[in-house]
Amino acid sequence: MTINGGISFWYATTGPHEPPRAPLTTDATADVAIVGGGYTGLWTAYYLKRAAPDLRVTVLEQKFCGYGASGRNGGWLYNGIAGRDRYAALHGHHVAQRLQQAMNDTVTEVIDIAAKEGIDADIHRGGVLEVARTPAQLTRLKAFHTAELSFGETDRELYDATDTRSRIGIADAVGSSWTPHGARIHPLKLLRGLAAACERLGVVIHESTPVTELAPRRAVTPYGTVRARHVLRCTEGFTASLKGHKRTWLPMNSSMIVTAPLPPSVWAQLHWTDAPLLGDMAHAYMYAQRTADDRIAIGGRGVPYRFGSRTDHDGRTQPATIDALRELLFTFFPILTGTEITHAWSGVLGVPRDWCATVTLDAGTGLGWAGGYVGSGVATANLAARTLRDLVLGESTPLTTLPWVHHRVRRWEPEPLRWLGVHALYAAYREADRHESKTHTPTTTPLARLANHISGRS
């Protein structure tokens, strides 16, 4: 029987939540107050204390560290970043190329820091394999591969159908693109290890402390106000719960399932030996990993958005979404048909209106933020945190001149336009995928191109 919710499968494999950290109980002061106990907030706290040990850094988390996307994601530590192509159009290709190189380096940075801090997060650097399963997907794959090469990723490799199946035995694969800049991780183990490293450095973490309002030099909670020179918003998909931020970033839902452990005989048939991360070129794309305990964890869109920017309840997802992901898994790997699905869960990711991740600090008010990762946050949060560190410390570095720094974007439409638009767009993407699969057209359908234009993805 599939366990639905309970935060995520990653919690089921690491035991119950550690003893809760004490909530804030009264007014307090700090040099830097960070709102959000996920990757962005904790990495920022970590790097600030490493660079300036005397700084008083306080993290305020509404539930417990890792409750959000950092404890529910697909475990993709890779070099993708939301908005790169738009930044190239705005600032020049060479500028966006620097951003891409910084992301390539970030994969290694996270792996190195995990080793330095003694964090065992089941890290395996097998790269990322992006697969095409239809002629239209293959056309997009080749264009994607060429674009990545143009951004300096010269170590990327393009495979035909035969070579693809030798890497992972996907029955109907027609081609793939592989990059070495990716690693499988257990996201919650990384998160918990990072939180412990922060506390060893002297970071104060208050859990069960929801922040209701941000203002210059202060973060307001029901239990007291933290006053600080800098107040950093690191709330990603939960940003809409803050006063005045209902339309800042859209909380997009993503759901996952995971199989029971698979025996060696099955893995031999799948050829999934070096454990690369697996994605595809569908419009309603999927993402998967081979876990350290020999399961397949696979995710994708179910119900993409809840009315009024609501978030899920402790990771529980819709039964129809579980069925759709199960069918997707069996389509990719027919030999798994009937395999037990042990866990299912959902989480939210932050989507800006122009699909561009950003890092910002207003020196006048002390307010800053980072996020809008659109599902690529495991690595991007680390780069964002190092950039926030430099901005807070007032240093001009190669990171503070990257094109996503101080980028501003308009707000999302009000309801019901927001709900209607998102659901219509993802219905269009699903229909486009069905059309391309049935007709074997080599070009992207006009419906998908129109959806990309309206959504801001292109």
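In which strand does His206 lie? The points below take up that residue after a word on the model.

1. **Basis of the note.** This is a predicted model, in which local features need pLDDT of at least 70 and side-chain atom pairs count only at pLDDT 80 or more, while totals for chains, interfaces and linings use all residues. Residues are numbered from 1 along each chain as its sequence is written, and side-chain values use heavy atoms, with hydrogens and water left out.

2. **His206.** This residue lies in strand β9 (residues 204-206), where helices (H or I, at least four residues) and strands (E, at least two) are DSSP runs numbered from the N terminus. His206 is buried, with a relative accessible area of 16%; buried means under 20% relative accessible area, exposed over 50%, and partly exposed in between, with a 1.4 Å probe and protein chains only. The C-alpha atoms of His206 and Glu61 are separated by 6.1 Å, although the two residues are 145 apart along the chain. Leaving aside residues up to four places away in sequence, His206 touches Ala22, Pro23, Leu24, Thr58, Val59, Leu60 and Glu61, contact being taken as heavy atoms within 4.5 Å.

3. **The nine-stranded sheet.** An open sheet of nine strands runs in the order β1-β17-β13-β16-β15-β14-β5-β7-β6, with mixed pairing; two strands pair if DSSP finds at least two bridges between them. At its edges are β1 (3-4) and β6 (157-160), each of which pairs on one side only. Within this order, β13 (residues 250-259) and β17 (residues 341-351) are antiparallel and share 10 bridges, and Asn253 stands opposite Val348 of β17.

4. **The surroundings of β12.** Strand β12 (residues 224-233) is mostly covered, with eight of its 10 residues buried. Strand β2 (residues 28-35) runs parallel to β12 and is joined to it by seven bridges, Ala33 having Val231 of β12 as its bridge partner. Val231 is also the bridge partner of Leu367 in β19, and β19 (residues 367-371) pairs with β12 in the parallel sense over three bridges. By contrast, β11 (residues 218-221) is antiparallel to β12 over four bridges, with Arg218 bridged to Arg227 of β12, and these two strands form a hairpin with two residues between them.

5. Helix α10 (residues 377-392) has 16 residues and reaches 21 Å from its first C-alpha to its last, close to the 22 Å expected at 1.5 Å a residue, where the expected span is 1.5 Å times one less than the number of residues. Since 16 of the 16 residues of α10 are buried, the helix is largely enclosed by the rest of the structure. Just after α10, Gly394 takes a positive phi of about 75°. In the loop between α10 and α11 (417-439) lies Pro416, which is joined to Glu415 by a cis peptide bond with omega about 5°.

6. **Helices α2 and α7.** Helix α2 (residues 39-51) packs against helix α7 (residues 187-201) at an angle of about 35°, with the axes 9 Å apart; axes are lines fitted to C-alpha atoms, for helices over the stretch in contact, and angles run from 0 to 180 degrees between N-to-C directions. The crossing is left-handed, meaning that the near helix is turned anticlockwise from the far one by less than a right angle, whereas clockwise would be right-handed. Residues in the contact include Trp43 and Tyr46 of α2 and Leu194 and Cys198 of α7. The contact residues divide into 13 nonpolar, no polar and two charged, with Ala, Val, Leu, Ile, Met, Phe, Trp, Tyr, Cys and Pro counted as nonpolar, Asp, Glu, Lys and Arg as charged, and the others, Gly among them, as polar.

7. **Helices α3 and α4.** The axes of α3 (residues 84-91) and α4 (residues 93-116) come within 7 Å and cross at roughly 145°, in a right-handed crossing. Among the residues making the contact are Tyr87 and His91 of α3 and Val95 and Leu99 of α4, and the contact as a whole divides into five nonpolar, four polar and one charged.

8. Ala275, in the loop between α8 (264-270) and β14 (277-280), has a positive phi near 55° and counts as buried at 8% relative accessibility. Trp355, which lies in the loop between β17 and β18 (358-361), has a positive phi of about 60° although it is not a glycine, and at 11% relative accessibility Trp355 counts as buried.
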